[in-house]
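The following note is meant for a colleague who is meeting this structure for the first time. Please read the points in order.

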Amino acid sequence: MPEWMLDFFGYFVVIYSTLVISSYIAMAVLAFFEHKKHYTYHDDKYTIEELKKSPYTPGISIVAPAYNEEKTVITNVNSLLSLDYPDFEVVIVNDGSKDKTLELLIENFDLVKVPYAYVEKIKTKPFKGLYKTQSNNPAFKRLTVVDKVNGGTKADASNAGVNVVSNKFFVCTDVDCVLEKYALYRIIWPTMASTRRVIAVSATMRMSNGSIVEAGQMVETHPPHSLIPLFQDLEYTRSFLIGKSALSRINAMQNVSGGFGMFDREIVIKAGGYDGDSFAEDMDMVARMIRYMCDAGEDYRVVQIPETCCWTEGPPNFKVLNRQRTRWGRGLFQFFSVHKDMVWNRNYRQYGMLTLPYILIFELSAPVIEACGYLMVLWLFIEQAINYHTIWVAFLGLYIFAQLLTTVIVSYDLYVGTSFRRKRDYLWFALASMLEPLFYHPINVFFSLRGYWKHIWGTQMVWGNMTRKGVQSAKPKKEVPNA
Amino acid sequence: MEYYTLSRYAYLRYYVLILYYRLAEYPPVVRVWAIFSTLALILIVSILLGIILRAAKSSADLMIIANNRKRYYDHMKEVAMTPRALEPGEIVAMLHLPKNFKMKERQNRLLIPVMHELHQEIHGVMSRVNWQRMLQAFKMPAYFEEQVRSRSIRKRVVAFKDVIDLDANLKEAVASRYLFTKDRKLQIHARLHAARFGTSYPFKVLEEDPNLVFTDELVVKYHNVLVYRSQNGLTMPNFIRWCNRVPINEELRIFAVNEIRLFKRREDCAELLSMLENSRDERFSCAIIQALGDMDYVPAEKEFCRRYLSASFTERQVLAEALGRINSGSPEVLNFLVEDFQQTTDYVTRMRLLRVIYNYGRHGRDAFYQLKATCSPDYAIYFEHIECNLIDSRRYA
């Protein structure tokens with residue numbers, strides 16, 4: 001290999017790493033100010049009390065698509081129905097399940113098919129019917145089940161849910177997610193407190209593996225005790241408490257998580273709903289909503305709230321992780337091929353000038369650059385050309401910086417008050433943080449590259465089922481919520 | 001032999017020099033990385049120390065709160081539940097407080113959660129006089145004043161919230177300093193405090209502030225304040241005056257109309273109707289229509305029908321709903337609704353009209369079935385949808 005190429009790569013890596021570290025430091029500082037503002041002005045109990053007794057509290061619809069979820073659907077729907085909020089409805093979209101998901105719902109909630117005048121505001125696969133309860137239980141009256149032909153994607157099912165919701169705002173979640181009891185109060189508040197129109201709100205999500213759930217409610221939060229969900233929990237916490245909080249501060253949020261996010265229904269419909277062909281449908285949705293608002297010349301906000309509102313089950317093994325990350329990698333690549341006109345485009349404000357270039361340079365390109373780095377180190381090692389006197393300093397610097405970031409997110413987590421039940425549980429985070437750069441990160445680089453490869457060569461991708469182990473339950477029993 | 005004592009900064013310099021000279025033969029990039037790693041390590045240690053100190057402090061606080069609950073809760077409850085007005089001396093004796101009782105800031109702060117818990121439990125049945133005197137015995141008003149005057153914005157905001165939560169007494173002069181402060185959130189809390197406890201006319205600031213942004217958060221909070229004032233016999237604002245005299249803030253006018261509706265001020269209906277006739281703003285008109293509909297103001301029907309033909313899409317929906325709510329049984333209105341149903345092509349409006357016709361008394365029900373009998377089979381699902389009482393009526397909007 002020519003020496004100039006080695007020199008060029010060396011300088012490139014130094015500059016790139018410096019930029020990555022600087023961006024992380026800048027985001028950590030911005031996130032601190034965001035959390036400080038939240039800590040100074042926000043009082044959860046006070047907000048809940050105010051909203052509970054007000055007739056002005058807006059209604060919220062929860063849309064949860066379900067596909068072959070017969071093992072968990074009843075517990076999870078009960079969990080959604082037992083949320084605390086004055087005016088909400090739960091819309092479960094049965095996306096043509098091949099198992100007994102729909103039958104179980106009908107049986108457990110005393111549902112009956114009703115004559116419903118369905119209007120396709122967003123195009124979806126054919127609608128089969130809408131079910132409502134005959135029971136006198138007031139909690140069940142909040143439930144609506146939509147049955148439709150399988151569309152093959154979560155996006156199509158979500159769109160069918162959006163077509164039938166009756167409130168101005170809807171929360172999109174997965175049927176396997178465990179929601180915090182007061183999650184709806186927390187997620188609606190930014191839309192009410194902002195002086196600008198809030199089109200989407202994202203809340204912090206964590207892994208439910210290892211935590212204890214009773215009657216569909218999280219009763220004890222613990223970190224996952226197996227490595228892959230633990231790594232993912234650390235990754236999620238870092239992303240929500242530093243990345244998204246910082247971007248929310250400057251109104252440059254890139255994404256509202258598909259696991260738990262709230263959207264303005266009117267803007268979603270005007271933006272065309274979720275794209276069924278997208279592998280990053282949540283990110284694509286936010287981009288199209290922002291595109292619509294900017295093209296219309298309207299002011300908007302996309303907000304991240306620091307409190308944990310939702311727990312989801314992380315991939316339990318490498319096979320599922322591979323599928324998830326390959327899909328994310330492919331989705332990111334696809335996203336940029338669809339929305340490339342927004343990058344460096346002043347019309348799209350912070351999103352076009354800051355967020356998209358940042359993702360392009362530091363998220364989409366990173367796996368390629370890192371993979372080149374690994375190959376280069378391997379080649380140097382074979383050629384016995386590694387300078388061991390200097391490489392350790394660079395490695396130590398990056399490693400210590402990764403530990404610093406973990407310490408910062410633990411402090412933020414404690415600051416915003418969404419901590420684990422036992423403080424010593426954070427030692428698991430420390431463990432994950434020490435192992436992550438050595439094992440987890442290189443594997444994810446490989447999975448992301450696989451996703452890029454599949455997108456470039458147009459390999460057909462099937463939406464695989466997420467293998468669920470289910471959350472730990474303190475008292476396994478059939479629970480019936482009351483309003 | 002000479003001994004040198006280094007100061008803390010000299011130690012730091014000495015360390016950096018060692019780091020520099022030990023790595024002097026390395027390229028600058030490596031030296032920068034080494035210094036960066038050291039700084040990162042120092043930060044990690046500092047943050048960890050901070051976390052440990054904070055955790056220790058919060059666990060100590062929790063212990064003090066538990067002690068306070070154990071020591072004062074029952075005595076405080078006894079004082080607050082005594083129906084006759086107790087003398088300050090009696091209260092001190094009942095609380096077992098020493099004669100020259102003083103509390104430190106932290107003790108006051110940690111007593112608030114206990115008081116809040118008690119207030120939540122008994123606020124509907126307690127003696128307000130004794131509650132206020134008990135707060136005096138614990139020197140809470142002085143504590144709140146000190147907090148409101150402190151430099152920390154968080155302390156000020158928390159103090160205002162605590163005063164509201166505990167129905168405490170804070171001098172108006174202290175709170176009024178922040179009524180026009182630049183910090184919007186602090187300003188909101190100061191104004192809410194004034195609106196809740198003000199004895200003269202505390203809503204003047206809303207009328208006089210040209211930069212007022214009346215968000216949904218304020219709508220919720222001010223409504224709760226107004227409910228509190230009406231329950232406690234305090235002066236209420238003249239909503240009609242807000243509708244007429246505050247043209248600078250459209251949101252406030254809409255809020256006033258909604259409050260007329262929620263407080264069922266039927267005496268203002270005639271004036272609202274005359275405002276509707278002259279109104280050009282769609283949101284304001286919709287608020288008035290909704291208010292008149294909710295208060296079953298029958299004289300508004302004629303104006304509603306007149307407006308309907310030239311109204312915008314949103315206003316039409318509200319007008320149809322309002323006509324349905326008034327539900328006077330008037331054949332003219334029913335004919336109007338049926339005619340419009342037959343003429344309109346828009347799905348949402350048709351469904352809404354159909355729902356109104358279906359619920360418009362016995363004649364309305366008859367008209368509904370006549371329409372059903374004459375409609376094409378493609379539209380039969382609309383009628384079945386309306387007839388099905390299991391479907392939420394908002395679902396077609």
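1. Two strands pair if DSSP finds at least two bridges between them. Helices (H or I, at least four residues) and strands (E, at least two) are DSSP runs, numbered from the N terminus.

2. This is a predicted model, in which local features need pLDDT of at least 70 and side-chain atom pairs count only at pLDDT 80 or more, while totals for chains, interfaces and linings use all residues. Residues are numbered from 1 along each chain as its sequence is written, and chains are lettered from A and ligands numbered from 1 in the order in which they are written.

3. Chain A holds an open sheet of ten strands with mixed pairing, in the order β3-β4-β5-β2-β1-β6-β11-β8-β12-β7. Because β3 (111–114) and β7 (178–179) of chain A lie at the edges with a single partner strand each, one side of each has no neighbour in the sheet.

4. Within this sheet, β1 (residues 60–66) and β6 (residues 169–173) of chain A run parallel and are joined by four bridges. In β6(A), A:Val171 is the residue opposite A:Ile62.

5. Helix α4 (residues 101–108) of chain A packs on the sheet, and its direction makes about 145° with that of β2(A). Axes are lines fitted to C-alpha atoms, for helices over the stretch in contact, and angles run from 0 to 180 degrees between N-to-C directions. Helix α9 (residues 281–295) of chain A also packs on the sheet, touching β8, β11 and β12 of chain A.

6. Between the chains, 46 residues of chain B are in contact (C-beta atoms, placed from the backbone, within 7 Å) with 41 residues of chain A. On the side of chain B that touches chain A, α2(B) gives the most, with 16 residues.

Conventions
Contact = placed C-beta atoms within 7 Å.
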